[in-house]
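Hello,

Here is the structure we talked about passing on. My notes on it follow below.

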Amino acid sequence: VIATVLGAAGSIPRDQGSKMVITADADFDSLGGGHLEFSVMNKAREMMANGETGNHVEHFPLGATLGQCCGGSVTVLMECFVQQGLNLTVFGAGHVAKALMNILSGLPGTIRWIDSREDQFPEIIGNNIIKQVEEFPVDAIAKAPKDSQLLILTHNHQLDFELVEAALNRDDFSFIGCIGSDTKAERFQMRLQHKGFSQEKISQMICPVGKLDIPGKLPMEVAVSMAAQLIAQIHEG
């Protein structure tokens, strides 16, 4: 995101035309620091996380709202440029997920990696991977960005089903993949039918997830097939 001071009134930390570049994990130059800059950076990263390309203009009074004593006001233009890539939430930190992260860490985009077990996450993860410890992972479905991808790889079949059900109820994800066998897929489809889901909605669930023409059952082999399917989905979309 390129943040530019479009207009200003009163006492302000930086002049009109001042710019700042904000990425998912870094920032360059400054709009003057303080709560103004903190608020601009938060808004910019929210836009990036939600894939909101384009321009956004926001007005910031530098008084009581932001806790700055300058007393003026600033209008900031935020131009968001999102590189085509993953906007993915992965549930589960087991062997396949760990292998998959080694691949996804080299791809553009953002990955939110969720598990209730903090000790399952490795100490070192890629810069584009955000670790989230969630006691109730299903609650994270409501917070996932729209038009993003979901990958469900947990250690618990019941949790997998609850995550799939919550995702289908939202009905605004571009990809819902769930690890499993053909038998697991059939059981999930039957349970979803009993809960009143239409066949059209059920078909949004990809289970077994991964490119089936890539053989092998080792964690890295399974991870490669999933990564290949995700890459294809991004470029097709």
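Helix H6 supplies four residues to the lining of the second largest pocket, the most of any contributor. Please keep in mind that this is a predicted model.

The second largest pocket holds about 440 Å³ of space. Its lining consists of 26 residues, and those nearest the centre are Ile179, Gly180, Val209, Val222 and Met226. By type, the lining residues are 11 nonpolar, nine polar and six charged. At least two lining residues come from each of helices H2 (95–104), H3 (157–170), H4 (182–194) and H6 (219–236).

H6 has 18 residues, which at 1.5 Å a residue should span 26 Å; the C-alpha atoms at its ends are 26 Å apart, so the two values agree. Its buried residues are Val222, Ala223, Ser225, Met226, Ala227, Gln229, Leu230, Gln233 and Ile234. These buried residues pack against H2 and against strands E6 (86–91), E9 (149–152), E10 (175–178) and E11 (205–206).

Is threonine 4 buried or exposed? Its relative accessibility is 7%, and because the cut-off for buried is under 20%, threonine 4 counts as buried. Its side chain makes a polar contact of 2.9 Å with the side chain of lysine 19. Leaving aside residues up to four places away in sequence, threonine 4 touches Gly17, Ser18, Lys19, Thr75, Val76, Leu77 and Glu79.

Regards

How values were computed: Residues are numbered from 1 along each chain as its sequence is written. This is a predicted model: local features need pLDDT of at least 70, side-chain atom pairs count only at pLDDT 80 or more; totals for chains, interfaces and linings use all residues. Side-chain values use heavy atoms; hydrogens and water are left out. Buried means under 20% relative accessible area, exposed over 50%, partly exposed in between (1.4 Å probe, protein chains only). A polar contact is a pair of N or O atoms within 3.5 Å; within protein, one must be able to donate a hydrogen and the other to accept it, and residues adjacent in sequence count only if both atoms are side-chain atoms. Contact means heavy atoms within 4.5 Å. On a 1 Å grid over the protein atoms alone, a cavity is a set of points where a 1.4 Å probe fits but cannot get out, and a pocket is an open set with protein on both sides within 12 Å along at least five of seven lines; lining residues have an atom within 4 Å of a point. Grid points are joined across faces, edges and corners, and a volume is the space filled by probe spheres set on the points. Ala, Val, Leu, Ile, Met, Phe, Trp, Tyr, Cys and Pro count as nonpolar, Asp, Glu, Lys and Arg as charged, and the others, Gly among them, as polar. The expected span of a helix is 1.5 Å times one less than its number of residues.
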